[in-house]
Amino acid sequence: MEDDAPVIYGLEFQIHIVDFDDENNIISKNVLLHQVGEIWHISTSPADKGVLATCYNKPSDSKVLTCAAVWRMPKELEPGGHESPDDSTSPAHTLELLCHLDNTAHGSMACVAWEPAGDGKKVISLADSHILLWDLQESSSQAVLASSASLEGKGQLKFTSGRWSPHHTGTQVATANDTTIRGWDTRSMSQIYCIENAHGQLVRDLDFNPNKQYYLASCGDDCKVKFWDTRNVAEPVKTLEQHSHWVWNVRYNHSHDQLVLTGSSDSRVILSNMVSISSEPFGHLVDDDDLSDQEERRPEGKSQEPPQDSVIATYEEHEDSVYAVDWSSADPWLFASLSYDGRLVINRVPRALKYHILL
Amino acid sequence: MDSETDMVRQIRALDSDMQTLVYENYNKFISATDTIRKMKNDFRKMEDEMDRLATNMAVITDFSARISATLQDRHERITKLAGVHALLRKLQFLFELPSRLTKCVELGAYGQAVRYQGRARAVLQQYQHLPSFRAIQDDCQVITARLAQQLRQRFREGGSGAPEQAECVELLLALGEPAEELCDEFLAHARGRLEAELQSLEAELGPSPPAPDVLEFTDLGGSGFVGGLCQVASAYQELFAAQGPAGAEKLAAFARELGGRYFALVERRLAQEQGSGDNSLLVRALDRFHRRLRAPGALLAAAGLAEAATEIVERVARERLGHHLQGLRAAFLGCLTDVRQALAAPRLAGKEGPGLAELLANVASSILSHIKASLAAVHLFTAKEVSFSNKPYFRGEFCSQGVREGLIVGFIRSMCQTAQSFCDSPGEKGGATPPALLLLLSRLCLDYETATISYILTLTDEQFLVQDQSPVTPVSTLCAEARETARRLLTHYVKVQGLVISQMLRKSVETRDWLSTLEPRNVRAVMKRVVEDTTAIDVQVGLLYEEGVRKAQSSDSSKRTFSVYSSSRQQGRYAPSYTPSAPMDTNLLSNIQKLFSERIDVFSPVEFNKVSVLTGIIKISLKTLLECVRLRTFGRFGLQQVQVDCHFLQLYLWRFVADEELVHLLLDEVVASAALRCPDPVPMEPSVVEVICERG
């Protein structure tokens with residue numbers, strides 16, 4: 001059980017590795033120092049659990065430039081390493097720099113995305129109006145710019161967010177700039193689709209449905225969460241309007257894609273049940289069970305309910321804007337949210353719903 | 001003794017009386033005897049005379065008997081001669097009949113000929129065994145056949161009018177022609193004529209725009225076709241009454257078919273009329289059309305023409321309702337366009353802002369007058385003098401479902417929908433709809449909710465005495481819909497206006513280089529602009545909405561709050577040096593503070609008053625400022641600039657909102673966030689901030 005939480009205040013910039021022991025309900029943390037600057041974005045390698053990439057502000061006299069780099073954690077802190085962090089006052093560990101993603105020619109890095117299910121060698125980074133594909137060579141110690149593309153248009157175009165699609169053997173990337181969502185093919189670095197005016201205001205975040213290859217969720221400053229079918233981008237498939245301020249984050253559950261988590265600067269986290277557009281058709285599993293398990297009898301009435309999208313729960317533990325939410329990669333029923341005031345909240349999907357989905 | 005003497009004396013007296021009486025009447029007896037004797041003599045004379053008379057009479061009788069005996073013979077002969085004469089004359093007629101008939105036929109006096117023929121037929125029939133009569137009969141038959149042929153010829157030529165044809169048919173019938181064939185032929189001829197009428201009507205329709213108006217058209221159809229049909233029907237019924245139900249059926253089928261075609265034409269014509277706005281003409285035309293068809297309707301109940309006509313009228317009425325609904329919608333959209341233009345125009349001219357209240361009044365009155373006009377136009381359909389107004393449809397369904405539900409309720413609903421569509425227009429950037437229009441529509445809907453809807457519906461119910469029992473939409477439902485629309489519009493207005501201001505703030509934060517900014521000397525122009533815009537919005541909203549309630553405030557609010565703001569908060573936050581433990585303190589502080597303050601719902605629904613609207617807009621703007629500040633890194637002077645800006649906003653914005661504490665909270669939050677984003681947080685002296693702000 002692990003969670004990476006960037007903490008961006010103070011003079012020291014730290015990465016906290018928070019361990020949550022499910023059985024004993026104990027939370028413990030390890031602190032990694034990130035000395036080069038405040039962290040704006042963080043992402044971990046899918047292949048090597050000790051490797052992560054950060055986007056950080058490089059302090060300089062008169063300008064702020066956001067750079068990106070790939071780091072390795074000290075071995076003993078790698079998640080899964082059973083070293084008990086008993087003494088909380090132990091000196092903070094330091095990250096080992098693997099390489100910089102050189103962006104001097106391209107501008108500030110907005111985010112870094114690893115190729116999902118890849119071998120941890122391909123990274124996409126978004127720098128101002130450029131989308132850069134890097135090849136990490138020699139065990140990530142060297143980053144070579146493989147290809148790039150850039151947005152063209154009037155005004156200063158700036159990417160705000162990007163996601164790498166888990167489908168299509170990792171050849172698709174979606175990016176957001178201002179109110180537009182674009183899809184890219186990483187082989188040719190050309191645009192596949194473009195959703196103009198996806199949101200009324202700035203698009204803050206994107207996420208791909210892990211099970212349905214054309215489905216994409218987005219959220220933005222218009223307080224809305226929208227679900228798109230990238231084959232038909234004229235209209236969103238579904239729109240949610242539950243938050244009362246900007247929605248900063250939207251995340252699909254990795255295994256049950258009807259569960260969608262959103263975090264907003266109205267300091268709420270909302271867990272929604274999007275049954276109608278999920279990959280799990282309602283009642284389908286029940287039919288299978290009826291055929292296979294004769295001895296296990298469940299009330300029939302349950303399966304007859306029509307699928308209905310609903311808000312499962314609204315979490316109001318945060319006192320300030322929530323800037324990050326994510327699902328646990330180990331336990332599909334666990335998620336964490338982080339707010340401006342530094343509060344990290346770990347929550348579980350309500351038990352009733354969990355059983356409803358599982359059974 | 002005495003009495004005896006008395007008696008004797010009385011007897012004597014009586015004797016003397018008797019003696020005197022006899023003496024006195026003796027003369028009378030004598031004269032009577034004389035008279036009787038004279039009478040005896042007279043009677044003897046008379047008897048003689050009578051005897052003489054009797055003998056004379058006997059002689060006379062004798063003579064008379066002799067004379068009559070002699071005359072008897074002659075009288076018989078004369079009677080016989082008279083009979084022979086009559087017979088001869090009849091025979092002569094018969095013998096002359098062929099020539100007469102021929103002559104009649106030649107002269108064209110068919111009626112006469114048919115009469116002759118009728119008279120002779122029975123006799124000829126009777127005596128046909130006699131050769132001479134048979135010859136006559138044969139002749140007659142030949143002539144009659146010719147006559148019939150000629151009649152048919154004339155009948156077929158058809159040029160003559162319906163009455164003449166009817167005459168022909170009548171004659172032919174009298175000639176004993178087969179009735180069925182005749183009635184078929186008759187109908188065929190009538191069809192020809194009526195079809196000609198229909199064709200002329202169709203020609204009126206034409207591909208080119210119709211020259212005669214609809215009234216003329218229905219008149220033409222009424223007098224031409226329907227009149228013709230009436231004539232045909234009545235003639236047919238007279239002529240072929242003997243045909244019984246089969247004949248009636250034939251006529252009904254005939255009328256149905258032609259009537260159907262006529263209706264098709266009329267409908268086509270009426271369809272062309274749909275576009276026009278003049279209802280009175282249409283209603284009059286329909287009235288005539290319907291009235292006209294009631295006559296043959298009575299004649300031809302089986303053909304169902306009257307029902308069909310009523311149906312057409314109903315259909316047209318329905319279509320008119322639809323048309324009026326469209327018209328109302330168009331009028332509403334037109335009003336909106338006008339408002340848009342009015343809103344856009346003065347800005348170009350650089351004049352004073354548009355009088356929103358005036359525009360609202362204009363829109364409201366113009367829509368109301370349109371509604372009234374539509375109601376009046378539709379009302380024509382139910383006028384007493386119109387022949388179809390007492391049909392059940394027009395008394396019931398037309399009023400309740402058609403006018404009330406379809407037209408009025410439908411319009412109000414569509415108005416709400418149109419208004420709501422401005423809220424979820426795809427161009428969410430807010431550029432599509434001018435915010436003032438949203439505000440105006442919101443107020444319009446609210447006015448509808450409070451008064452106009454119930455007024456319009458009452459008006460409708462009064463004008464169209466709704467007798468139908470079918471369920472109608474209650475006023476309260478409509479009002480709720482209107483209110484919901486008003487609320488959504490106002491909320492959208494807040495969002496749009498909030499967005500405008502927040503975009504301004506966002507750009508100002510994002511584009512500035514906060515690290516290398518100079519020491520603040522002035523409030524940034526953007527903030528002044530924000531205050532100006534907010535004031536403008538305040539004025540705009542104030543034109544249409546009431547003030548609303550705000551929390552109690554002291555007279556010198558700005559001063560008081562400033563002291564609170566600067567002393568307690570600033571010291572609490574900025575004073576500690578930023579050692580690694582310091583952030584925890586500030587966080588703890590702000591968290592504790594938040595525990596006691598209510599959570600701020602940024603995009604929350606608004607109430608229908610100015611303060612609530614302004615509060616919403618300011619909340620959105622300040623929250624945006626806060627979020628933007630958190631994304632930037634500030635130098636020392638950058639932080640100080642934020643401090644100055646926030647204080648400036650503080651000075652001017654509190655007066656607009658319901659709860660000024662809200663503004664303080666958000667602005668404090670902004671400054672605190674900026675301080676956290678600053679590697680070198682040295683706040684400016686509150687007094688200096690104050691001086692800068694007051695300077696401008």
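Of the 359 residues in chain A, 52% are buried. The structure is a predicted model, and the values reported here were computed from it. Chain A contains 2 helices and 27 strands. When contacts in chain A between residues at least 6 apart in sequence are considered, 46% join residues at least 24 apart.

Cysteine pairing was examined across the whole structure. The search returned 0 disulfides over all chains. A disulfide is a covalent bond between the sulfur atoms of two cysteines. In chain A, the cysteine sulfur closest to that of Cys111(A) belongs to Cys55(A). The two sulfur atoms are 6.4 Å apart, and Cys111(A) and Cys55(A) are therefore too far from each other for a bond, the cut-off for a disulfide being 2.5 Å. Cys111(A) is buried, with a relative accessibility of 4%. In chain B, Cys416(B) likewise takes part in no disulfide. The nearest cysteine sulfur to Cys416(B) is that of Cys445(B), at 4.9 Å. Cys416(B) has a relative accessibility of 6% and is classed as buried, because residues under 20% relative accessible area are counted in that class.

Asn609(B) is located in the loop between α17 (582-596) and α18. Its relative accessible area is 11%, so Asn609(B) is buried. The side chain of Asn609(B) reaches the backbone nitrogen of Val611(B) at a distance of 3.3 Å. Ser612(B) lies within helix α18 itself, which spans residues 610-630. Ser612(B) is also buried, at 14% relative accessible area. With neighbours within four places in sequence set aside, the contacts of Ser612(B) are with Val606(B) and Glu607(B).

The relative accessibility of Met50(B) is 53%. Met50(B) is therefore counted as exposed, since that class requires a value over 50%.

Key. Residues are numbered from 1 along each chain as its sequence is written. Chains are lettered from A and ligands numbered from 1 in the order in which they are written. This is a predicted model: local features need pLDDT of at least 70, side-chain atom pairs count only at pLDDT 80 or more; totals for chains, interfaces and linings use all residues. Side-chain values use heavy atoms; hydrogens and water are left out. Helices (H or I, at least four residues) and strands (E, at least two) are DSSP runs, numbered from the N terminus. Buried means under 20% relative accessible area, exposed over 50%, partly exposed in between (1.4 Å probe, protein chains only). Contact means heavy atoms within 4.5 Å. A polar contact is a pair of N or O atoms within 3.5 Å; within protein, one must be able to donate a hydrogen and the other to accept it, and residues adjacent in sequence count only if both atoms are side-chain atoms.
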